[in-house]
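Good morning, and thank you for making time for this presentation. Please look at the sequence and the structure as they come up on the screen.

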Amino acid sequence: MPRIPYLDADACIGCETCTRICPKVFHMVSEHKAGIHNPCGDSEDKIEEAMDSCPVACITWQD
Ligand code: F3S
């Protein structure tokens with residue numbers, strides 16, 4: 001089973017880092033909020049790189 005990323009939109013400050021690192025999974029849904037458009041769109045390593053780069057650590061793996 002692939003792990004599924006979760007993005008806490010309330011905590012996201014819209015820095016766009018995740019969308020630049022991993023655009024197949026993350027995109028901007030508004031000027032200041034990112035969202036997940038394809039949770040399995042890239043490798044777990046790439047998703048984890050985006051997670052680790054988020055300044056407010058609002059992207060996590062779902063249980
Ligand atoms: Fe938001 Fe973090 Fe991405 S602040 S835009 S979820 S890197």
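Predicted model: local features only at pLDDT ≥ 70, side-chain atom pairs only at ≥ 80, totals over all residues.

Let me begin with a question: which residue is the bridge partner of F26 in β3? The bridge partner of F26 is I36.

Residues are numbered from 1 along each chain as its sequence is written, and side-chain values use heavy atoms, with hydrogens and water left out.

I return to the strands. Strand β2 covers residues 26-30 and strand β3 covers residues 33-36, and the two pair in the antiparallel sense over four bridges. Pairing here requires that DSSP finds at least two bridges between two strands. Helices (H or I, at least four residues) and strands (E, at least two) are DSSP runs, numbered from the N terminus. Together β2 and β3 form a hairpin, with two residues between them. Within this arrangement, H27 stands opposite G35 in β3.

Next, the ligand. It sits in the largest cavity. A cavity is, on a 1 Å grid over the protein atoms alone, a set of points where a 1.4 Å probe fits but cannot get out; a molecule sits in it if more than half of its atoms lie within 2 Å of its grid points. There are 13 residues around the ligand, and C12, I13, E16, C18 and C54 come nearest. A residue counts as near if one of its heavy atoms lies within 4 Å of the molecule. By class, this shell has ten nonpolar, two polar and one charged residues. For that count, Ala, Val, Leu, Ile, Met, Phe, Trp, Tyr, Cys and Pro are nonpolar, Asp, Glu, Lys and Arg are charged, and the others, Gly among them, are polar.

Let me now turn to the loop between β1 and α1. C12 has its place there, and at 11% relative accessibility C12 counts as buried. The terms are these: buried means under 20% relative accessible area, exposed over 50%, and partly exposed in between, with a 1.4 Å probe and protein chains only. D8 is found in the loop between β1 and α1 and is partly exposed, with a relative accessible area of 28%. A polar atom of the D8 side chain lies 3.1 Å from the backbone nitrogen of D10. A polar contact is a pair of N or O atoms within 3.5 Å; within protein, one must be able to donate a hydrogen and the other to accept it, and residues adjacent in sequence count only if both atoms are side-chain atoms.

E16 is also in the loop between β1 (5-7) and α1. E16 is not a glycine, yet its phi is positive, at about 75°. Is E16 buried, partly exposed or exposed? E16 counts as partly exposed because its relative accessibility is 33%. The backbone oxygen of E16 is reached by the side chain of T19 at 2.7 Å. T19 itself lies in helix α1, residues 17-21, and counts as buried because its relative accessibility is 13%.

Finally, A57 lies in the loop between α2 (44-53) and β4 (59-61). Phi of A57 is near 50°, a positive value in a residue other than glycine. A57 is exposed, with a relative accessible area of 54%.

How values were computed:
1 Å grid on protein atoms, 1.4 Å probe; cavity = no way out; pocket = protein on both sides within 12 Å on 5 of 7 lines; lining within 4 Å.
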